[in-house]
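Here is my note on this model, point by point. Please keep the structure open as you read.

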Amino acid sequence: MDNVDGKQARRTGQSSGLEGLIIACSMMIASGYYGPQIWTQPMTDLIDLPAIFGDTSVVDVWFPVIFGTFLFIHLPACVLNVVRARRAQKLPVAPVFAEWLPIVIFTASCTAWLYSPYSTLMRNNRLVLFCLTMSFVFGRMTTKIILAHLTRQPFPMWTVMLFPLMGGAILGNLPRIGLPAVTAAVELWYLRAYFVFALVVYFRWALLVINAICNYLEINCLTITPKAAPNPRASTKAPNGDIVSKAQQAANGSLRHKKD
């Protein structure tokens with residue numbers, strides 16, 4: 001729904017910041033009305049169709065539905081639009097797919113780490129800390145892409161935040177390469193260190209970008225400088241020493257232009 005709404009809004013020139021909140025707000029409203037247990041209770045408690053849903057809960061189908069709609073609906077449409085745009089501009093198509101590298105590494109590393117049978121993050125309920133960490137990693141990736149697009153810079157193919165993520169994916173799968181699995185405490189401290197690293201790197205970079213933009217535009221971030229209301233009767237001193245109003249100066253300027 002959000003994808004269709006956003007696409008139609010951009011096509012009609014009526015895009016807004018609210019379109020990205022449709023699904024999130026819907027789930028928040030449902031969670032608030034039915035309680036947080038809505039995610040784990042059988043769907044048949046809400047929708048009386050046991051022949052279809054059985055004992056399946058929302059959390060059981062959430063990832064398959066989101067990933068399936070992305071893989072089979074959203075992604076093909078995006079690829080098709082990119083191919084059409086590149087061909088219309090008579091540009092090669094293949095180099096564009098190299099720009100998938102950051103998101104492919106991000107997705108593959110997250111999946112390999114979280115769903116590894118040797119990882120303790122899911123079993124010990126460390127998902128919140130993991131998601132908070134990934135929010136900074138993903139935010140750095142997306143904002144770098146947006147900034148590069150706005151400033152007409154080359155596509156950012158990498159961010160230093162991906163190195164610890166790849167390390168976590170390896171750490172959670174050490175037995176696959178013949179090494180002993182790390183303890184739950186070691187994996188937790190690694191994730192905590194990764195969170196601090198991502199937090200510092202993200203906000204340092206954000207401050208650098210904000211300050212650079214503000215200095216270039218000569219503005220202050222989140223600050224509105226008060227200005228006195230214009231007074232048409234305000235007077236300034238003319239070159240000949242007489243005091244004349246701004247309105248008179250404008251009129252004198254217009255007359256001089258006419259004489260010239």
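1. A term comes first. A nonpolar core is a set of buried Ala, Val, Leu, Ile, Met, Phe, Trp, Tyr and Cys residues joined through side-chain atoms within 4.5 Å. The model is predicted, and its largest nonpolar core has 19 residues. Those with the most contacts inside this core are Phe106, Trp113, Phe130, Met134, Val137 and Leu165. Helix 6, helix 7, helix 8 and helix 9 each supply at least two residues of the core.

2. Look at Phe130 next. Which residues does Phe130 contact, leaving aside its neighbours within four places in sequence? They are Cys110, Trp113, Leu114, Leu121 and Leu191. Trp113 is also listed among the core residues with the most contacts.

3. Now the overall layout. The protein chain has ten helices and two strands. From the N terminus, the order of elements is α-α-α-α-α-α-α-α-α-β-β-α. Take the contacts between residues at least 6 apart in sequence: 50% of them join residues at least 24 apart. The chain has 260 residues, and 25% of them count as buried. Its accessible surface is about 18700 Å². Carbon and sulfur atoms account for 66% of that surface.

4. How far can the model be trusted? The mean pLDDT of the protein chain is 80, and 77% of its residues reach 70 or more. Confidence is highest in helix 8 (residues 162–171), at a mean of 96. It is lowest in strand 2 (residues 243–245), at 39. Over residues 235–260 the pLDDT is below 50. That stretch has 17 contacts in the model beyond near neighbours in sequence. Residues 1–5 also stay under 50, with eight contacts beyond four places in sequence. Where pLDDT is low, the predicted coordinates should not be read in detail.

5. Check helix 9 for length. Helix 9 covers residues 184–217, which is 34 residues. At 1.5 Å a residue, helix 9 should span 50 Å. Its end C-alpha atoms are 49 Å apart, so the two values agree. After helix 9 comes Glu218, with a positive phi near 55°.

6. Which helices do the buried residues of helix 9 pack against? They pack against helix 6 (101–114), helix 7 (127–150) and helix 8. Among the buried residues of helix 9 are Leu188, Leu191, Tyr194, Trp205 and Val209. Glu187 is on the buried list as well.

7. A loop residue deserves a look. Thr159 is found in the loop between helix 7 and helix 8. Is Thr159 buried or exposed? Thr159 counts as buried, at 2% relative accessibility. Beyond its neighbours within four places in sequence, Thr159 is in contact with Arg140, Met141 and Lys144.

8. Last, the cysteines. How many disulfides does the structure hold? The structure holds zero. For Cys110, the closest cysteine sulfur is in Cys131, 8.8 Å away, which is too far for a bond. A disulfide needs the sulfur atoms within 2.5 Å. Cys110 is itself buried, with a relative accessible area of 11%.

Notes
Residues are numbered from 1 along each chain as its sequence is written. Side-chain values use heavy atoms; hydrogens and water are left out. pLDDT is the predictor's confidence in each residue, from 0 to 100. Helices (H or I, at least four residues) and strands (E, at least two) are DSSP runs, numbered from the N terminus. Contact means heavy atoms within 4.5 Å. Buried means under 20% relative accessible area, exposed over 50%, partly exposed in between (1.4 Å probe, protein chains only). Accessible areas come from the Shrake-Rupley method with a 1.4 Å probe; for residues, only the protein chains shown count as cover. The expected span of a helix is 1.5 Å times one less than its number of residues.
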